[in-house]
Amino acid sequence: MSELSEQATTSILLSDFANVTEVGKLNVVGAGVTMLGFEAQQGVTARFSLVAIIEAPPSVSLPVDCTIEFTLYSEGSIVEVPGPAGPQTMRIGQTSTIEIPALPVNAALRGKLSGRNITVLDFSSGLPLIPGTIYEWVVQIDGDSTERHTYPFIVAGPQQQPVIG
């Protein structure tokens, strides 16, 4: 367990689209998605973005390096998707640095604001998930399994065709 994983605040959301600008601004369209569409002809979900915002309080010594792990679960098991070399688990890890906030010259403000990391995973081609199934993204910092941050969602099935007659 790291100091960061114990003290950080983590927020997760799904959206239709998200990105982070060079200056750290988060742009989001269609935030708060809990049901992903399904493209039956391609066998994948609609495009979506997963956003994780990690805030380190001023009490954490910044800058700090950390690992951020995103894992997709269904019914308590890690989801596997087809890959070029066979099935692969939906677990994505990366290292990141939470920096000291960029502040004006006023040194009196240092140590008053939280450090922040915004990570966006964009699944522009969707994922081959099963319609009607409940999934859950889990985000962990520094491998700390006692601090699991979760975001459940469902994949909608193909729309029912009207019954005539």
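Predicted model: local features only at pLDDT ≥ 70, side-chain atom pairs only at ≥ 80, totals over all residues.
Residues are numbered from 1 along each chain as its sequence is written, and side-chain values use heavy atoms, with hydrogens and water left out.

I noted the terms. Strands are DSSP runs of E, at least two residues, numbered from the N terminus. Two strands pair if DSSP finds at least two bridges between them.

I then listed the partners of β8. Strand β12 (residues 91-98) pairs with β8 in the antiparallel sense over eight bridges. Strand β14 (residues 134-141) also runs antiparallel to β8, joined by six bridges; there, F70 has V139 as its bridge partner. With β9 (residues 77-78), β8 forms two antiparallel bridges, and S74 stands opposite S77. These two strands make a hairpin with two residues between them, and E75 in the turn has a positive phi of about 50°.

I checked burial (buried means under 20% relative accessible area, with a 1.4 Å probe and protein chains only). Eight of the 11 residues of β8 (residues 64-74) are buried, so the strand is largely enclosed by the rest of the structure.

I turned to another sheet. It is open, has three strands in the order β1-β7-β13, and its pairing is antiparallel. β1 (9-15) and β13 (115-123) each have a single partner strand, so one side of each lacks a neighbour in the sheet. Strand β7 (residues 48-56) pairs with β13 over nine antiparallel bridges, and I54 stands opposite N117 in β13.

Note on methods: Buried < 20%, exposed > 50% of the residue type's maximum accessible area, 1.4 Å probe, protein only. Helix = DSSP H or I, 4+ residues; strand = E, 2+ residues; numbered from the N terminus.
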